[in-house]
Amino acid sequence: METTLEKPETAPDRAAAGHETKMECSEVNVFYGDFHAIRDATLNVHAREVLALMGPSGCGKTTFLRCLNRMNDAIENSRVTGRILLDGQDIYAPAIDPVHIRTRVGMVAQAPNPFPKSVYDNIAFGPRLHGFVKGRAEMDQLVEHSLRRAGLWDEVKDKLDERGTDLSGGQQQRLCIARAIANDPEVLLMDEPVSSLDPNAAAIIEDLITELSEDYSIVLITHSMEQTRRVADRTAFFYLGEIAEIGITQDVFDNPRDPRTVDFIRGAFG
Amino acid sequence: MTDRPENFTEWYTSERFNVGVRRRRTREGVLRGLGMVSILLAVTMLVTLFGSIFYQARTAFVQTQIGLEVALPAAEFDGGTQAGADAIKDVNFRGLVADALYASLGGRPDSRGARREMLALISADASFQLMERVIEEPSLIGQQSRFWLPASDDMHNIVQGVVDRDVTEDDRRTSDAQINWIERLEDQGMVRSAFAWDLLLRNDSRDPEVAGIFAGVVGSALMLTVTLVVSLPLGVAAAVYLEEFAPKNWFTRLIDVNIRNLAAVPSIVFGLLALAVFIRVFGMPRSSPLVGGLALSLLTLPTMIIAARAAIAAVPPSLRTAAMELGASKMQTVSKVVLPNALPGILTGTIISMAEALGETAPLLMIGMVAFVADAPSSFLDPAAPLPVQIYTWSTSPERAFAAKTAAAIIVLLLFLFLMNAAAIYLRDRVQKKW
Ligand SMILES: Nc1ncnc2c1ncn2[C@@H]1O[C@H](COP(=O)(O)OP(=O)(O)OP(=O)(O)O)[C@@H](O)[C@H]1O
Ligand SMILES: [Mg+2]
């Protein structure tokens, strides 16, 4: 499988033993027009794990993440090849409705993008769309619960009617996380979810990630090595569109095998 | 750059630096001056325009009325105070009004010519207005009471000073005798100027002193209703399709170019099209608000589509992505996120194109909406003369009093346009806050 890696034993295999696979990606390639953004990416996402994607800016982490919930479909000129399975089902199969995939694979985008609606309506957007909440009381409960989990409740409980776009950048980021988890997805893709949060708020999100991983799979993009060490079960390093290395976080950090990973880690701690 | 001194304090105090700064300031000053001059020019022209319109219109907003003690002998009315509307309509009100007028000017003149001249003091419509009032209030029958009835347009012009009463008789339409009479009535306190409710509440008439714009306003309202009902949904649907769903290929680009061109087509062409299609082919009634509204829809559709597309395109892409990430389908994304966010822009575009349609005259002339219409249309199929057409017809009427009426109708039209634009701004702010 890892055609691009020198060390065949650097693998999901190393950690795969005893793990149930949630998503399986093989030989995924993404093109933006002529630009080859992802090359032969192969990796598995296990059930109930936190998988961190790391790598230099522009190496294709976001692009890869968007393949997992078919958000690349919405980008003009983009083309995805290869196979991505969710619970053994090909999510790019013609019979599959991408909308359905996105309700199962939730996403928190890199830049916070709350709706210019009230905080409440932001959270209620997904549940209302899919109609799985009955009645105002149940919705109130879900909104509060989601906001609490994202560590935002205390800050916004008195201004649920204010526009989500009027919150601070960090609050908006947490609002988007709360909005995504209100949908109760099976897999949650998070693109730098704590990039504009202070250490306390970031810690709340990290706790949330750990807590969520008891039930869900989480794929997390982050630039912070410390954070990866704290929350990620496994880590994949991307380099210029290729997966340079993937393995148990502790392992890859302590003894990286790919020279590109070695450089990256040394640079980060350097 | 290269010969810039090392020492910055030296540079910032040097002559060369100061020359540069002065030149920049001069240039900015000239630019600001030019801007101010052009704004001043625009304001001057606007003030002149409004000033002249308001000055012209001033006498149209008052109605000169003559007070007459009219006796309504019960014997004239079949059934007395119990007379029904039909019985009242049979009564010779002209005679009653004439008798009252003779009485207040010292008796019935002997010659027919003098009688006609005297009757020309009051509006030909006065007897109808008296009749209307009696129908409203039959208890007046059997009594003599004072009625304020409109003076004729010539007398109105004399009393309001539009026509100078001191010029020689040959130079004015009114005779010396008439001026004498009106002055006698003025001395008796039987001439007054009241607010011209007739201007707003009555329909068009051949007699300028009682002609009003009510039918025109109703006609315009009916027509704009048709236009709105047709062009808003069509325009929004077209815009949504073109912005959100259509593939970007040569065909959609062709459509795009065509829409932009249509927006620039002279409006009279749309009138021709409406005449050919709606009247000739589909046999819809000429001069009706239905055809007028459809013709105006053709005119407003391109503008509507362009405005709605701009509003839709201005919705940040990140909101679409957010909705899709939460599992919204394309349709749900459009209806729940894109349209609500584009609504203020769409509303503004709608109201502005409706305002444009309200002022449009040329295409309506093509579909026969120039006829004199005495009654307000009561359905979309009745003949109507919308407000701008009425302004056009009035402006071509020979009677002098119509000149002031024209200006007054223009003011009313401007008022409607102003209200519509204010509504556009209000709605935009409101909707923006709500979403
Ligand atoms: N919509 C797009 N159209 C064309 N090229 C794109 C598009 N999105 C990303 N790319 C290109 O694909 C490459 C990978 O981009 P991507 O956003 O996945 O990087 P990233 O790893 O998430 O970077 P960062 O850490 O800065 O967010 C970049 O070179 C970028 O220029
Ligand atoms: Mg990214």
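**View 1. Gln110(A) reaches an oxygen of ligand 1 in this predicted model**. Here a polar side-chain atom of Gln110(A) sits 2.8 Å from an oxygen atom of ligand 1. On its own, ligand 1 exposes 620 Å², and the protein buries 66% of that (accessible areas by the Shrake-Rupley method with a 1.4 Å probe; for residues, only the protein chains shown count as cover).

**View 2. Meet the shell of 15 residues around ligand 1**. Among the closest are Ser57(A), Gly58(A) and Thr63(A) (near means that a heavy atom of the residue lies within 4 Å). Helix H2 (61-68) of chain A gives the largest share, 4 residues, and strand E2 (35-46) of chain A supplies at least two (helices, H or I, at least four residues, and strands, E, at least two, are DSSP runs numbered from the N terminus). By class, the shell holds 5 nonpolar, 7 polar and 3 charged residues (Ala, Val, Leu, Ile, Met, Phe, Trp, Tyr, Cys and Pro are nonpolar; Asp, Glu, Lys and Arg charged; the others, Gly among them, polar).

**View 3. Chain A meets chain B**. The contact (heavy atoms within 4.5 Å) takes 20 residues from chain A and 19 from chain B. Together the chains bury about 1,700 Å², 67% of it on carbon and sulfur atoms (the accessible area, 1.4 Å probe, that two parts lose on being put together, summed over both). Helices H3 (98-104), H4 (119-130) and H7 (169-182) of chain A each bring at least two residues to the side touching chain B. That side of chain A has 11 nonpolar, 4 polar and 5 charged residues.

**Reading the views.** Residues are numbered from 1 along each chain as its sequence is written, with chains lettered from A and ligands numbered from 1 in the order written. In this predicted model, local features need pLDDT of at least 70, side-chain atom pairs count only at pLDDT 80 or more, and totals for chains, interfaces and linings use all residues, while side-chain values use heavy atoms, leaving out hydrogens and water.

Conventions
Polar contact = N/O pair within 3.5 Å; in protein donor to acceptor, adjacent residues only side chain to side chain.
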